[in-house]
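This report is meant for someone who is meeting the structure for the first time. It follows a few charged pairs, then a helix contact, and then a pocket.

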Amino acid sequence: MKIEFLVGMVIGLILLTLPAFASDSLNSSDSINASDPLNSSVSANVSNSANVSNSANVSNSANVSDSVNLSDSETASNVTLSVLGNSNGDETIDVKDVEYTESIILGSKNQTQFADATCDNNINILDVTKTELINLGKAKELTLVDGAGRQVNVSLPVKRIVPTDYRTTETLLALGTGDMIVGVDKAFHERMAEFGLLDLPEVGVHGKSVNYEMVLTLKPDIVLLPLSQAENANQIADNLPNTSIVVMGLSSKKTIYSDLTTMGFVLGKEKEANELLNWMQGYENLVKERTKDLKTNDMPTFYYEYMSEGEDKWQLITPNDPSAGQVAERTGGSNIATGLAGNSVEVDPEWVIEKNPDFMFADLMKGFDSGPGKTEEDMKVLLAKVLSNRPGFEKVNAVKNHRVYLIDRDIIGGPRWVIGHIYFAKCMHPELFKDISPEEINKEYLKKFHNIEVPGTWAYPE
């Protein structure tokens, strides 16, 4: 076995040195074997165990810092780069992965989820060579495992992207990919005009529909789908040949860490992704640090309502919700919807009155006038509207004590989820966050990652 391995290593090293003698680039493909399945655009689905979209539950690192790389923090232990070749399952592909793959071949380590770099269901010297190519930045193609657990081949470098969900577009722009995006969804133009790209064609509506003809005209390398479209990914891929269709959770708190790490790697934006990840992690750590000593008796109850114009329903957001529900967790309060099944649950108003929450938060998902261009006076009027036609609520603690708050979904989803996270914590424990202003953090984010200044009100009152 060792002799075969050494022979294979020699062959691999020869293959790796060929570019230096032939030209300053590799052949048209980095594939070593002409029958390598990486030549296909999308391979077969992997088993459910390969679904890594739920692995982004991130541990805490040091205080807020832009100078510490994500790989140097505790966060790295739980962030996974979902790219084949990442043999040791951490947040990047480097020489450690090459060594790990060698150890698998020698039998000293067990095969891991991402060790099969060549995607041929066999770990051998070609996987070592492929991983080495990726590490050296010479790979012309790689395979990632997306948020739906699908193995998707992506040609490198990626130059043209079509995100089909507006929150995904915001996250990509925060990585500095504005010149790579060639199409957006209609909701982006309607809800996030402050980020520009107004001249780009619309390829769908909020990820729920895709204009195949338009997308084919744009010739993107990657089309990004939100997690909500995971079950339709294969069908969309069938309609968009020669295009990598990738499902990524770049708008959900639960998945954004690992999926952002993966997309940063694939798009050649690792530095920018690490900076954004550290920014989020720093503020998440701040909340954890300041609320860690709270006892159960110190934690007030809160009612978190999903609001959508034209819907006369009492929709509670539960902690199960991977976006808004998770953002409200670990902020020093107890959600009265804890224990209820589902991400959101319709309840009777009498049930809410009986629970008598100490705080009430209204999630302004759509149809309410908040965000860019809105003043505090506008939000004051909106708050009165939200509280109208709620008989019996005058007896609820949250209303009696003027602890009803409005929060725009834009600071709940995507990278700005930490702003909403801090807002929940500050509302319920103002004494612990006297020096922290969610409004200022939003300004910091917009300036730092988008280089824009946008007046408006995303949360009220602060």
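Glu275 counts as partly exposed at 31% relative accessibility, a class that lies between buried (under 20% relative accessible area) and exposed (over 50%), with a 1.4 Å probe and protein chains only. Lys448 is likewise partly exposed, with a relative accessible area of 33%. The side chains of Glu275 and Lys448 meet in a salt bridge, which is defined as a side-chain nitrogen of Lys or Arg within 4 Å of a carboxyl oxygen of Asp or Glu. This pair links distant parts of the chain, since Glu275 lies in helix H9 (residues 270-291) and Lys448 in helix H15, 173 residues apart; helices (H or I, at least four residues) and strands (E, at least two) are DSSP runs, numbered from the N terminus.

The model is predicted, so local features need pLDDT of at least 70 and side-chain atom pairs count only at pLDDT 80 or more, whereas totals for chains, interfaces and linings use all residues. Residues are numbered from 1 along each chain as its sequence is written, and side-chain values use heavy atoms, with hydrogens and water left out.

| Pair | N to O distance |
|---|---|
| Asp146 and Arg150 | 2.6 Å |
| Glu170 and Arg416 | 3.0 Å |
| Glu275 and Lys448 | 3.3 Å |

Glu170 lies in helix H4 and Arg416 in the loop between strand S13 (404-408) and helix H14 (417-428), so the pair ties together parts that are 246 residues apart in sequence. Glu170 is buried, with a relative accessible area of 1%, and Arg416 counts as buried at 0%. Asp146 and Arg150 are both buried as well.

Glu170 also takes part in a helix contact (heavy atoms within 4.5 Å), in which Glu170, Leu173 and Ala174 of H4 meet Tyr445, Phe449 and His450 of H15. The residues of this contact divide into four nonpolar, one polar and one charged, where Ala, Val, Leu, Ile, Met, Phe, Trp, Tyr, Cys and Pro count as nonpolar, Asp, Glu, Lys and Arg as charged, and the others, Gly among them, as polar.

H4 is also one of the elements that give two or more residues to the lining of the largest pocket.
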